[in-house]
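The following paragraphs lead through a structure of two chains, one part at a time. Please keep the sequence and the 3D view open while reading.

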Amino acid sequence: MSEHHITAGFLPLTDSAILVAAREKGFAASEGIDLTLVRETSWASIRDRIAVGHFEVAHMLAPMPIAANLGLTPMRLDLIAPLALGLGGNAVTVSNALWQAMEEAGAKGPDDPAAVGAALRKVIEDRQGQGSGRLRFGVVHPHSGHNFELRYWLAACGIDPERDVEITVVPPPLTADAMAAGRIDGFCVGEPWNSVAVAAGHARIATIKAAIWRSSPEKVLGVRADWAEAHSDTLARLLRALYRAAAWCGEAENHEELAAILSGEAYLGQPAKLLLGALDGRLETGGGIHRFADFFLAVEKAATFPWQSHALWFYSQMVRWGQVPHGEANAEKARASFRPDIYRAALGPLGAALPAASMKVEGALTAPTPVGATSGRLILGPDGFFDGAVFDPAELDSYIYGQRSAGAGD
Amino acid sequence: MSPRSLSVLVIDENTLRAAIIEAGLREAGHEHVTVVHDVNGIAQRIAEIEPDVIVIDLENPNRDMLENMFNLSRAVRRPIAMFVDQSDQSAIEAAVDAGVSAYVVDGLRQERVKPIVDMAISRFNAYSKLARELEEAKSALENRKLVDRAKGILMRSKGISEEEAYTLLRRAAMNQNRKISEIAQSLILASGLLDE
């Protein structure tokens, strides 16, 4: 039965769940795919090994394929993202000492990023007055949702990510240790590494990705473009398997089993209890268990659909922070990195409700809203940014010009 | 006049492998070789050493941090890019297969860098082979210990000689088409159960 061999690289993060479930729950096998999963230690290693053909596909940061196609990576590589591996899943976590200072400055619950950010700004201003050094925040990669959402949040709260703080790269499994050693004061990272730092007693979850931007993109299935072209049938099988795996992961009744699978040594190697929080959206923040709305979505709200508006938003942030100059050709490369056409062609036969559009206005929905779908009923939203801003991909230029001043620390 | 010899930085948490690479580079005439085992404070070290070539284990989890640092350092000092000449796909494959990643100062001619990277690749492969052989030797020793214990059990329970015990084990292995160490392991396990 299994005649199609696919090797996928992944990093030990909770949002590798869909790939892991596709293998462990037999969704890949039932599509005739023998799926091998290889745990990696860095995104650089994932990139290198997909480039030389060790992997056909991989768990990737959503901006990675865009960065590769824009020529921003050291290795020449064309990648596509024909499927997203869920929405949300990250948090911003700070050291106990920083949290204490922020609390004194008025920070409260993690659901209000504006208030948490205002408190952080006050702490930073106080430190500047005392001549203390800049606070250091860790992110996992320059081309990551973590980097961009952290910077977005800081900038919208009046903190200049380039001047008022220092942003450094720390591999996810080392974030808790780096904080314990005092090398960083905070970080933005995917689960379970926030919960690991909290459980170790070093840290406090200050806010989360879904509070900064609800229903926002995080990881994708990255595929080598030439391989996708030459193996469209195998890829379609894999996408169907992943979609079914996502549906399984999205069922609350499966979360305990999923957490147990992910806790295995070959996958995350962390206690299942620690992994369950992100799946259920109930996390220990360090100040008690907190129930989060839409912390991580595996399948709901078209969570696996590769929205080209998501690709363009990431692109707008790459421009914002000086990673790439803005131009029509670059924007087009970014947009075309995400492939809803391949997604629709593969999943059409399943009869699932797929979005009819390939782009949407991000931040426009304030409540769950039925939208146009190829078949059945599809609910999207809410998908707002915490500062009330709206990203209309049709108005990319004005969005990009409008955000420049924020980066300059106005 | 020969060009100034290149400065090479080897970053490897595996001290044995790092030593093997360093020795190889020195034998090949590279005088400026620095080995770093811990990436803490690496930015400072790189600023001091100003390496022309950096060789690092592909699996080092800090590569994302390093690459980000190289990117950021563009404005301040000499930019560093990965050793990936797109025309030389086979070299890239050999490096990734061996588990080597290398970065070079931008603009350095490839023919000056290639021997260094080739040396790193061959030393990485040599180390992997050594590690594999060590593993095999260890398991051979383990197997011999198992067989010795099984022989002892048979000699005691059946009152036979060592040679007869060995013959019994070997015959069982042949009949069941299994390794003699596997038979020995089953026997030790079974005898442990019976003793309880």
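In this predicted model, the C-alpha centres of domain 1 and domain 2 of chain B lie 48 Å apart. Domain 1 of chain B covers residues 7–132, and domain 2 of chain B covers residues 136–195.

Chain B as a whole contains 7 helices and 5 strands. Followed along the sequence, these elements come in the pattern β-α-β-α-β-α-β-α-β-α-α-α. Of the 196 residues in chain B, 30% are buried. Counting contacts in chain B between residues at least 6 apart in sequence, 65% join residues at least 24 apart.

B:I188 belongs to helix α7 of chain B, which spans residues 180–195. Is B:I188 exposed, partly exposed or buried? A residue counts as buried with 20 or more other C-beta atoms within 10 Å, and as exposed with 12 or fewer. B:I188 has 16 such atoms within 10 Å, so this residue is partly exposed. Apart from neighbours within four places in sequence, B:I188 is in contact with B:L146, B:R149, B:A150 and B:I153.

The next topic is where the two chains meet. On this interface, 20 residues of chain A are in contact with 19 residues of chain B. Helix α2 of chain A (residues 43–51) supplies 5 residues, the largest share of the side of chain A that touches chain B. Sorted by class, that side of chain A has 12 nonpolar, 5 polar and 3 charged residues.

Strands of a sheet pair through backbone hydrogen bonds, in either a parallel or an antiparallel way. In chain A, strand β3 (residues 57–61) and strand β11 (residues 219–224) pair in the antiparallel sense, over 5 bridges. A:H59 stands opposite A:L221, which is in β11(A).

A:I18 leads on to the nonpolar core. The largest nonpolar core has 179 residues, among which A:I18 and A:L242 touch the most other members. Helix α11 of chain A (residues 232–250) gives the most to this core, with 11 residues. Residues up to four places away in sequence aside, A:I18 touches A:L85, A:G86, A:L242, A:A245, A:A246, A:C249 and A:A298. There is also a second, separate core of 7 residues, including B:A165, B:I183, B:A184 and B:L187.

Chain A is divided into three parts: domain 1 (4–87 + 217–280 + 295–344), domain 2 (90–212) and domain 3 (352–407). The C-alpha centres of domain 1 and domain 2 of chain A are separated by 25 Å. Their contact takes 26 residues from domain 1 of chain A and 20 residues from domain 2 of chain A. On the side of domain 1, the elements that give two or more residues are α3 (63–69), α13 (272–280) and α14 (308–320) of chain A. The largest share of that side, 4 residues, comes from α13(A). By class, the side of domain 1 that touches domain 2 in chain A has 18 nonpolar, 6 polar and 2 charged residues.

Just after α13(A), A:G281 has a positive phi of about 70°.

Notes. Residues numbered from 1 in each chain as written. Chains lettered and ligands numbered in written order. Predicted model: local features only at pLDDT ≥ 70, side-chain atom pairs only at ≥ 80, totals over all residues. Contact = placed C-beta atoms within 7 Å. Nonpolar A, V, L, I, M, F, W, Y, C, P; charged D, E, K, R; others polar. Domains from an automatic or database assignment. Pairing = 2+ DSSP bridges. Core = buried A, V, L, I, M, F, W, Y, C linked by C-beta atoms within 7 Å.
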